[in-house]
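Please read the following note with the sequence and the model open beside it. It is meant for a colleague who has not seen this structure before.

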Amino acid sequence: MTKVIGPLDYAIPDNMDVQIGSIVEVPLGPRKLFGVVWDNDSPDENPIPDSKLRPIISVLDIEPLNKALRDLVDWTAHYYLCSRASVLRMVLPPSAAFNSAVSITEYRSTDIVPERMTPKRLQALDAIQGQQGLIRELALKADVSDAVIRGLVKTGALEPIEVSIDNSFDPPNPEHHKPQLSADQTKAAEQLITATKAQKFESIMLDGVTGSGKTETFFEAVATCIKMGKQCLVLLPEIALTQPFLKRFEERFGSTPASWHSGMKQSERRRTWRAVNNGDASILIGARSALYLPYKNLGLIIVDEAHEASFKQEEGVRYHARDVAVVRAMQEDIPVILSSATPALETRYMAEIGRYTAIEMASRYGGAHLPEIETIDLTQDVPERGQWIAPSLIKAIEDNIERGEQSLMFLNRRGYAPLTLCRTCGHRIQCPNCTSWMVEHRLVKRLACHHCGHVMPPPKACEECEEEDTLVACGPGVERINDEVKMLFPEARTFVATSDTLYSPAKAAEFVAKVENDEIDIIIGTQLVTKGYHFPNLTLVGIIDADLGLEGGDLRAAERTFQQISQASGRAGRAAKKGHVYIQTRAPSAPVLQALVNGDRDDFYAAETLSRKHASAPPFGRFAAIIISSEDEGEAASIARLIAQTAPNQEGMLVFGPAPAPLAMLRGRHRQRLLIQARRQVALQDIVRVWLESLEWPRSVRVAVDVDPYSFL
C-alpha cells in the first residue's frame with residue numbers, strides 16, 4: 001500500500017458553479033493540477049476556515065462525474081486496497097481532453113531523407129514509416145527523444161498535419177442488417193432483450209459452446225439498448241480482438257463504434273473520452289480500463305470472453321474487470337452480460353446459487369458440430385529427435401493440406417525457445433533484472449525477458465565459461481514450431497500469431513483478412529488466436545504441449561488448461577466442414593484431458609468446485625497477497641518479516657509466509673510474498689488496511705496488496 005495524500009479542501013470563488021463530481025483545476029504548491037469535487041461523507045469536526053483555503057482556479061466544461069461512477073471509485077479503492085487517487089487516474093481524461101480545441105497538429109513522414117542522417121534519426125524514420133501522431137507519441141514509438149523527432153520536422157522529413165479531433169461518431173442503426181438467428185439464439189436473445197428493456201440490475205451468464213453465435217445473440221441486446229437511447233459498453237480481453245470485433249459490429253449496425261484501448265493515439269483517446277462523457281458515443285468497445293469512463297447514460301455492459309485471466313490487472317490498481325463490471329452494473333442499476341464458452345468457476349457457482357441468471361446455448365450455429373477431440377500419447381507416438389510434432393499429427397496436417405483446409409498449431413509460449421544454455425558448463429542465460437530466463441526470439445535476433453522487457457542480442461560466447469559456439473536453445477516456442485512446420489511442409493504458407501506479431505488492431509485485421517482469403521495454410525499461435533476468431537475453413541487444431549498449462553501448481557491451473565484447450569479446439573470446424581483436434585500430452589489420463597476428450601465439462605467443473613470447497617479456496621474462501629519489494633534483498637526480507645510478525649490474530653483468517661516470491665526478482669527489485677486466506681464472512685479489507693497502516697517502512701520499500709490474486713508469481 002502506497003501512502004498517498006488524501007482529499008484536500010479548497011474554497012469556491014463567488015459566482016463559480018461547482019457541483020459534486022465537477023472536474024476542476026486547483027493549485028497545489030507551485031503547480032496546477034486537475035481534480036474532482038467529491039462527496040464529503042464524514043465532515044471534519046474542526047473544519048478549516050474559508051479564509052485560509054486556496055480557491056479553485058476553474059471548473060472544466062465537462063459533465064460532472066455522476067454518483068454511480070463516484071461510488072464505483074470508492075468501492076474499487078476500498079475493495080482492492082488502493083488509493084482513491086490511483087483509481088481516479090483511470091477515470092480522468094487525457095490532458096488533451098481538458099481543452100476545447102477542435103484540432104491538433106500531428107506529424108507524418110514525407111519520405112524526404114535529411115542531409116545529416118544520424119543513427120537515431122534512421123531508427124526513428126524506420127519505426128514511424130506509415131505512422132502519424134504527436135511528437136511525443138512518435139518519439140515513444142521509435143524509442144528516441146522528442147528532440148530527434150523535432151529535428152526531423154525541421155529537416156522536412158516529417159510534415160505537420162492538422163487533425164480534427166471532435167468529429168461525431170456515426171450513429172449505429174439497429175435495423176441495418178438483422179441476422180437470421182437459430183432457435184437457440186432466438187430464445188437467448190429474447191431473454192437478453194427483456195433484461196435490457198427492464199433497466200434493472202441483473203447479472204447474466206451467457207454460456208454458449210464455441211461457435212454457437214453468442215456475439216450475434218448479445219448484439220440483439222445491443223440493438224435494444226440503441227433503440228432506447230442508452231449507451232452500451234462491450235469489454236474485450238485483448239487489444240488484438242478489437243479490430244475483428246469492430247468489423248463484425250459494422251456489418252451488423254452499419255457504423256464503426258467508439259473504441260478504447262492502450263494502442264490509441266492521444267487525439268483518438270480525447271475524442272472518445274469526450275464523446276462518452278457527453279453521450280455522443282452510444283456504443284464503446286474497449287479493454288478493461290473502459291469500465292471507468294464517465295458514461296452519460298449507460299444502459300448495458302457486456303463482458304465478452306468473460307473467463308479470460310487478462311481481465312485481471314496485475315500492476316497499479318489490481319482489479320478484475322469482470323467483477324468490477326458486475327459492481328458498476330449494480331451501481332448504475334442496469335444488466336450486465338458475462339459471455340463465455342468456458343465460464344470461470346466463480347461465475348458458474350454464482351449462477352448455481354441463483355445470484356446470476358444462466359442462459360445456455362448448447363449447440364453450434366447453422367448445423368455445425370463440435371470437433372472430435374483425441375489425445376496423442378507422446379510416450380508412445382514419439383516425435384523425431386529434435387522435433388516436437390508427433391508423427392500422427394504430421395499425417396493429419398498433411399491430409400488437411402491436401403483437402404485445401406487450414407490448420408492451427410497451438411502452443412502458449414512466445415518466441416523460439418524459453419531457455420538458452422551452455423552445453424559446456426550448463427550456464428543458463430538469465431535476465432539481469434529478474435529471476436527468469438531470457439527467451440530467444442530468433443525472428444528479430446534478440447533474447448528477451450517477458451517480465452520486464454529487457455532485450456539483448458544473443459551472445460557469441462557463454463558469459464560464464466567464455467566458450468564460443470556452445471549456446472543451445474532448449475524447448476519449443478511458437479517460432480521453433482513454425483520452423484519445424486516449414487521443414488515438414490515446405491509448400492505450406494504459415495503465420496506465427498502472437499502478441500509480437502498481432503501487436504495492434506490493424507495487424508490483427510490484416511491477419512484475419514489473410515486467413516479469410518485462404519492466404520494462410522497453417523497458423524502457429526498462442527492463446528491470442530484462440531478466442532473471438534471465426535475461420536470457416538479452419539478444420540484442424542493441434543495442441544503441441546497440453547501439459548504446459550498444468551505446470552506451476554496454482555489453484556486455477558486445471559481450469560485454465562481446460563479453458564485454453566477448449567477455446568483453441570473451438571476454432572476447428574465452425575462452419576460446414578468437420579473439425580478435428582489432436583492433444584499432444586505425456587499424461588493422457590489426466591482428469592482435465594479426459595474431460596476434454598469425453599465432453600464431460602459439467603463433471604470436470606463439479607470436481608473442481610468440490611476441490612476448491614475442501615480447500616476453502618475461491619469462491620468458498622478468499623485470498624489476498626501482500627507483495628514486498630526493494631532493490632535491497634535484506635531490506636525486503638526484513639519488512640516482510642515485520643509484516644508477518646504483526647499479523648492480526650483473527651478468527652477465520654490465516655497468514656502464510658513470508659517467503660521469496662517464485663519470481664524472486666522483478667525489474668531489479670527483490671520480492672517477498674505473504675498469502676492471506678480468509679472465510680467469506682471475514683472483513684478482509686478492513687483488517688488488512690488497519691494492519692498495514694499501523695506499520696512504517698522506508699520509502700525504498702514498496703508494499704502492494706493483491707485482493708483475489710490470479711498470479712502467484
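Predicted model: local features only at pLDDT ≥ 70, side-chain atom pairs only at ≥ 80, totals over all residues.

1. Residues are numbered from 1 along each chain as its sequence is written, and side-chain values use heavy atoms, with hydrogens and water left out.

2. An open sheet of six strands runs in the order S14-S24-S23-S15-S22-S21, and its pairing is parallel. Strands here are DSSP runs of E with at least two residues, helices are runs of H or I with at least four residues, and both are numbered from the N terminus; two strands pair if DSSP finds at least two bridges between them. Strand S14 (372–377) and strand S21 (494–497) each have a single partner strand and stand at the edges, so one side of each is left without a neighbour in the sheet. On average, and with direction ignored, neighbouring strands of this sheet are turned by 20° against each other, where axes are lines fitted to C-alpha atoms, for helices over the stretch in contact, and angles run from 0 to 180 degrees between N-to-C directions.

3. Helix H12 (residues 391–402) lies across S14, strand S15 (406–410), strand S22 (522–525), strand S23 (538–543) and S24, and runs at about 165° to S23. Contact means heavy atoms within 4.5 Å.

4. Strand S7 (residues 202–208) is mostly covered, with six of its seven residues buried; buried means under 20% relative accessible area, exposed means over 50%, and partly exposed lies in between (1.4 Å probe, protein chains only). S7 pairs in the parallel sense with strand S12 (residues 335–340) over six bridges, and the bridge partner of Ser203 in S12 is Val336. S7 also pairs in the parallel sense with strand S13 (residues 357–361), over five bridges, and there Gly208 has Met361 as its bridge partner.

5. What does Thr210 touch beyond its neighbours within four places in sequence? Thr210 lies in the loop between S7 and helix H7 (214–227), is buried with a relative accessible area of 8%, and is in contact with Ala341, Arg364, Leu370, Ser566, Gln567, Gly570, Arg571 and Arg574.

6. Two arginines deserve a look. Arg612, in helix H17 (residues 601–614), is buried with a relative accessible area of 3%, and a polar contact of 2.8 Å joins its side chain to that of Glu559. A polar contact is a pair of N or O atoms within 3.5 Å; within protein, one must be able to donate a hydrogen and the other to accept it, and residues adjacent in sequence count only if both atoms are side-chain atoms. Not counting residues up to four places away in sequence, Arg612 touches residues including Leu345, Glu346, Leu555 and Phe620. Arg252, in helix H8 (residues 242–253), is buried with a relative accessible area of 4%, and its contacts outside four places in sequence include Asn173, His176, Phe219 and Ala223.

7. The structure holds zero disulfides, a disulfide being a pair of cysteine sulfur atoms within 2.5 Å. The sulfur of Cys449 is 3.7 Å from the closest cysteine sulfur, in Cys431, which is too far for a bond. Cys465 is in no disulfide either, the nearest cysteine sulfur, that of Cys422, being 3.7 Å away. Cys449 is buried, with a relative accessible area of 3%, whereas Cys465, at 27% relative accessibility, counts as partly exposed.

8. The largest nonpolar core has 76 residues, and Ile643 and Leu692 have the most contacts inside it; such a core is a set of buried Ala, Val, Leu, Ile, Met, Phe, Trp, Tyr and Cys residues joined through side-chain atoms within 4.5 Å. Helix H10 (residues 321–332) gives the largest share of this core, six residues. Apart from this core lies another, of 35 residues, among them Ile373, Ile523, Ala558 and Ala590.
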